[in-house]
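Me: I am new to this structure and would like to learn what stands behind the words used for it. Please show it to me, and then let us go through the terms one at a time.

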2 protein chains.
Amino acid sequence: MDRRQQKTRQAIFHAFSELLSVKSYTKITVQDIIDMANVGRTTFYAHFETKDHLLRELCTDLFEHVFSKALNVESTHDFSLTESNPHVFITHILYHLRDNKKNIIGILNCESGELFLRFFKQYLNEFFTPYMVNKECHDVPYDFLINHISGSFINMIQWWIKDDLQTTPEKLADYFLAVIPSFCDNIKEN
Amino acid sequence: MDRRQQKTRQAIFHAFSELLSVKSYTKITVQDIIDMANVGRTTFYAHFETKDHLLRELCTDLFEHVFSKALNVESTHDFSLTESNPHVFITHILYHLRDNKKNIIGILNCESGELFLRFFKQYLNEFFTPYMVNKECHDVPYDFLINHISGSFINMIQWWIKDDLQTTPEKLADYFLAVIPSFCDNIKEN
DNA sequence: ATAAAAGTGAACAAGATATTCGGTATAAAA
DNA sequence: TTTTATACCGAATATCTTGTTCACTTTTAT
């Protein structure tokens, strides 16, 4: 790929990321982005169809990164039977989110995280699914439960950010597992 | 208050409500609203500073209504010691939400429910607080827990709407209580 | 060296927000 | 009933944002 393309693409991503840590997504204009990225208007639209597509790609990159690492851990360890695994993975994800603090804060900060959250939830659903397969013991529908777990995770992240990421990932993972019924069994055996 | 004011205000609210059941909040323009409400542009801005303020007021009205009814039940019954109360109240709220289906769907439908959800959560926090006072038994911070419960409720509503309100309020209240640890104790004694 | 690809900036159309202003209709007070 | 205040009207306007077009320049690859 052309070196110029990479550079502009990176410049746009970087500018967008910077802006997200300052103001919320809806308030950011394309003008803001191209000013900060120092690229032409035409160039922006050559790379990204709309501002939404840019966000979409940023989210994809971010989650791909965060979850691939988490899933690497999963593949190097034999995960299916180790009882503390959910805790390990959750902690990992939280660490990676904290590393990307700058990006996610702007997206989640109070308003307009819909797109981000939809992405996030999608990844989480996929992520949590393996832990759910044999948990039909609860008297609630499967998709209600998975929705509840993923939603609770996201909700926790928002709480975390509002608290300015004071809580450690380990402690947060504890809280999460303590409050989610499906995983309670696992954690209480420790 | 001037009769004309009431009429236009009501017309705007009604138009807005109608539009919300057709298209999502962000897609609705002020032009749409004043066309449907059949009022002048100036009039709209005389009543509401911005479109956001209109939504804000609509939300306030809605929640005021929903929760006041729920709290009425609370005051007529002796709530503090009846074990099935949480279930009764939650069911009530769900019924009222279903009655206002038309309004909330447009706001929550996929995008841009931030404002609504913030309001909702605020009310829910207040609502759930009395049930929390003596529940420090869990090994998670109090505000984490209340955030988790309110968040789970909202998350459930979104699941419900996506499912086109198929589930009955009673069943949904069951699911909710089954999945929320603080209330598990109550429900399991039945 | 040259053709292909990428970037530039200015201009433009379309659509939305929010304000202004002179004039009209209506409600409440005299 | 007349008067007065105020709510409403609608057209015009300034401003902002998005997304496109076009003629031109720079960079990369062969």
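Me: What makes up the largest share of the surface near DNA strand C?

Reply: In this predicted model, that share comes from α3(A), which gives four residues; helices here are DSSP runs of H or I with at least four residues, strands are E runs of at least two, and both are numbered from the N terminus. Local features need pLDDT of at least 70 and side-chain atom pairs count only at pLDDT 80 or more, while totals for chains, interfaces and linings use all residues. Residues are numbered from 1 along each chain as its sequence is written, and chains are lettered from A and ligands numbered from 1 in the order in which they are written.

Me: How is the surface near DNA strand D divided by class?

Reply: It has four nonpolar, nine polar and eight charged residues, where Ala, Val, Leu, Ile, Met, Phe, Trp, Tyr, Cys and Pro count as nonpolar, Asp, Glu, Lys and Arg as charged, and the others, Gly among them, as polar. The largest share of this surface, four residues, comes from α3(B), and among the residues that come nearest to DNA strand D are B:Thr42 and B:Thr43.

Me: What are the domains of chain A, and how many residues of domain 1 are in contact with domain 2?

Reply: An automatic or database domain assignment gives the bounds, with domain 1 at 1-48 and domain 2 at 50-188. Eleven residues of domain 1 are in contact with 15 residues of domain 2, contact being C-beta atoms, placed from the backbone, within 7 Å. On the domain 1 side, α1(A) gives the largest share, five residues, and the residues of that side divide into seven nonpolar, four polar and no charged.

Methods
Contact = placed C-beta atoms within 7 Å. Near = placed C-beta within 6 Å.
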